[in-house]
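Reader: Can you walk me through this one? I'd like to ask about a few spots as we go.

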Amino acid sequence: MKSKANGWPFAIGVLVIAGVLFLPMPTAGAVMRIPQRVNPQTLASVLAWFLAAAGFWGFKVRFWPNDRRERRRFRNCVLLLVLQAILLRGVFETANAYHAPIPDWLPAQAWVWVPWFLIPALTGMLLGSRYGIVLCLTGALMLYLLADPGPWPLLGCLTSPLAGILLMRRSLTRMRVLRAGIGAGAVLGMVTASYYSIGTAPMAAISVAGLVPWGLSLLCAFLVLAVLPVLEWMLGELSDVTLIEYGTDHRLLDQLRTSAPGTWCHSLNVADLAEKAAAQIGARALFCKTSALYHDIGKLKDPPLFAENNDGPSPHEALEPQVSAQRIIEHVSYGIELARRHRLPKAFREIITEHHGVSVVRFFYAKACQPLPDGTQPRVNRALFCYPGPAPSSKESGIIALADCVEAASRSVSSRSEPDLRAFVRKLLADRISEGELAECPLTLADLAKIEAAFVEWLKGRNHFRPAYPGTATQAAPVHLATAENQQARQPA
Ligand SMILES: [Fe+2]
Ligand SMILES: [Fe+2]
């Protein structure tokens, strides 16, 4: 997959960082390698920075995913790199301006450690641990190019945030962020205490060297939690902490639960399916789970219009198929309108927009295509029965579209046989692919095989057998595989 889309933002970011890091300043020189005037050492540092950036770009083009969401994350990563450079240079300039008075009880160069956990931790929370690790590596490189503080500080500034990032993997709570801060501080404390214990420092100094970085990293963890909402707003990204909040408490979810219980139940199942499938292919499972809860909020406009909320006569019996299809399709545009009104994140709005792609409302299209009483074939404009799209453009969006379709169609499947369920899921997925619904989506065939397996497992679990409680047995439900017709009748909307 080619990746040229972020070439310019990356190149500009690299140049800006070079300027931020290496531009000589009148105060430079006391604790920095960068002197007050450009000299060969500065030029060597600039060259090393460009070479490292070129190497990273080559790695990125070869191995990085390249869907729309990932490109946005990469651009945000470049912005955070610039922020990291500004913060680092700011710390050095401040240290220069005030001659960095280090109290006796602080280990030498303690001021260098203050920002160390902050930017990689924020990056890991907003963009994922892969980007967090990139910021750990660039942070150590920037430190080396700016000040070359020696192997021990470099080791500490590399391993400490890495430990924090690894501790922050998977679903995050605020407490987990604090624990990551404690872990990162413990690693930094161990490195500095080891450094001091090699020399002739007294035990008290070694203890302080171990404890001070620990305290600073914990302070950084509090700072991360304070700054996080601001950066989320500025960059349009969602941390796990925010996703968990959106998944457990929102007025729209309450409305779905009370006004459209069938849709609420469907959304819960889609969220569960999507999370399970996303975890199998390394996509962002928590985002899939949370955003899927909101994918059908547009049905709140008129819940009885949708089969899952209506046990009585269908309102569509009195409507022309084209009108019915348009009313069904409207749940997407109304969902986007509701999402805007309630200030849901942009990423959720993308899921709402794309969850039907450009598919056709099959049931009503088939109904409109039925021969007229005089036997003639009606002329039907297919475009009037199609969702406006666009098609899913990211792995997460594709997974939710597939989960939506499988969950809705599976209502008519009661078989527990794995071959039956596999054949059912495979046909639905094949239909979506043949209709071009996944053409813009970076899901690979290997991904689709894993998604299919995850869906089959989920359906097996849902259709599990239970003996009837004594005295409560009713007529046994027939076990059958859905026919093409009733799958269409249960077409997700
Ligand atoms: Fe749905
Ligand atoms: Fe829908």
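Reader: Which residues is Ser267 in contact with, leaving aside its neighbours within four places in sequence?
Author: This is a predicted model, where local features need pLDDT of at least 70, side-chain atom pairs count only at pLDDT 80 or more, and totals for chains, interfaces and linings use all residues. Residues are numbered from 1 along each chain as its sequence is written, and side-chain values use heavy atoms, with hydrogens and water left out. Contact here means heavy atoms within 4.5 Å. With those close neighbours set aside, Ser267 touches Leu256, Ala292, Leu293, His295 and Asp296.

Reader: Is Ser267 buried or exposed?
Author: Buried means under 20% relative accessible area, exposed over 50%, and partly exposed in between (1.4 Å probe, protein chains only). Ser267 has a relative accessible area of 0%, so Ser267 is buried.

Reader: What about Lys299, the salt-bridge partner of Glu308: buried or exposed?
Author: A salt bridge puts a side-chain nitrogen of Lys or Arg within 4 Å of a carboxyl oxygen of Asp or Glu, and for Glu308 and Lys299 the N to O distance is 2.8 Å. Glu308 is partly exposed, at 30% relative accessible area. Lys299 comes in at 1%, so Lys299 counts as buried.

Reader: How many residues apart in sequence are the parts that Arg362 and Glu435 tie together?
Author: The closest N and O atoms in this salt bridge are 2.7 Å apart. Arg362 lies in helix H16, while Glu435 sits in the loop between H18 and H19, so the parts they tie together are separated in sequence by 73 residues.

Terms used
Chains are lettered from A and ligands numbered from 1 in the order in which they are written. Helices (H or I, at least four residues) and strands (E, at least two) are DSSP runs, numbered from the N terminus.
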